[in-house]
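Okay, thanks everyone, I'll keep this short. Let me put the structure up, and then we'll go through some side-chain pairs.

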Amino acid sequence: MIENFNNFIESEKILNVLQKHSWTKRPKSKFKFAYNYKGDIADYYLNISSKEKKITFEYILDLEIPKNKVYDFFILINCINEQSSDGYFSFNINQNIIKYHSSKNYFDNLTYENLLNLIDTNLELTSGLFHNFSLFVHNLAYGDINEQECIELMFLQIKGNA
């Protein structure tokens, strides 16, 4: 399976799907399948891996959280994680790194078309989430908004896009 995954993920069609969502290959990374997206508020990094019939998407958001807002930020990601079924956010307080983890299990042999659709769907779902998340984290960190207002606005926005 790993050989197929490695061959599939480096194909031109997969790279076209990544480019369709404005992701580019990150050449200098310790991860084999690493990509980058330049956003308006933050830059995003994506590492894709496969192990034991599971494909993992690890997104890293390059968005600094001021020390005086870390507690509010923890409340925000906890509330988001409670309401999310597709993945979860984590925050490394020592490195000031925000990650979004999403894994998809598959039961049969992984086909090229399945991987293509899986990546396309995952990138589509996370692009809206990241835009809203980055905007509201930025407002929480640098604006005059508290975490409860931020949570209410974020989920109001998500419901409006559904």
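Let's start with a phenylalanine. F74 is partly exposed, with a relative accessible area of 33%. Just keep in mind as we go that this is a predicted model.

So what does F74 pair with? Its ring partner is F91: the centres are 5.5 Å apart and the planes sit at 75°, which is past the 60 degree cut-off, so we call this pair edge-to-face. F74 is in helix 3, residues 70–83, while F91 is in strand 5, residues 88–92, and the two are 17 residues apart. And F91, at 11% relative accessible area, is buried.

Staying with rings, have a look at F89 and Y100. Here the centres are 4.8 Å apart and the planes are at 50°, so this pair counts as tilted. F89 belongs to strand 5 and Y100 to strand 6, so the pair ties together parts eleven residues apart in sequence. Are these two buried or exposed? F89 is buried, at 4%, and Y100 is buried too, at 3%.

Those two also belong to a cluster: ring pairs link F89 and Y100 with W23, Y37, Y44 and Y59. Overall, the structure has eight aromatic pairs.

Now for the charges. As a reminder, side chains of opposite charge can pair when their charged atoms come close. How many salt bridges do we get? The count is three.

One is K20 with D120, where the closest N and O atoms are 3.0 Å apart. K20 lies in helix 2, residues 12–20, and D120 in helix 4, residues 112–142, so this bridge ties together parts 100 residues apart in sequence. The lysine, K20, is exposed, with a relative accessible area of 53%.

Another is D43 with K38, at 3.6 Å from N to O. K38 is exposed as well, at 58%.

Then there's E58 with K99, with the closest N and O atoms 3.4 Å apart. E58 is in strand 4, residues 54–62, and K99 is in strand 6, residues 97–105, so the pair ties together parts 41 residues apart. Here E58 counts as buried, at 15% relative accessibility, whereas K99 is partly exposed, at 25%.

Last one, back in helix 4: that's where you'll find N122. N122 is buried, at 5% relative accessibility. What does N122 touch, leaving out residues up to four places away in sequence? The contacts are F57, Y59, S102 and K104.

Methods
Residues are numbered from 1 along each chain as its sequence is written. This is a predicted model: local features need pLDDT of at least 70, side-chain atom pairs count only at pLDDT 80 or more; totals for chains, interfaces and linings use all residues. Side-chain values use heavy atoms; hydrogens and water are left out. A salt bridge is a side-chain nitrogen of Lys or Arg within 4 Å of a carboxyl oxygen of Asp or Glu. Helices (H or I, at least four residues) and strands (E, at least two) are DSSP runs, numbered from the N terminus. Buried means under 20% relative accessible area, exposed over 50%, partly exposed in between (1.4 Å probe, protein chains only). Contact means heavy atoms within 4.5 Å. Rings of Phe, Tyr and Trp (its six-membered ring) pair if their centres lie within 6.5 Å; planes under 30 degrees apart count as stacked, over 60 as edge-to-face and the rest as tilted.
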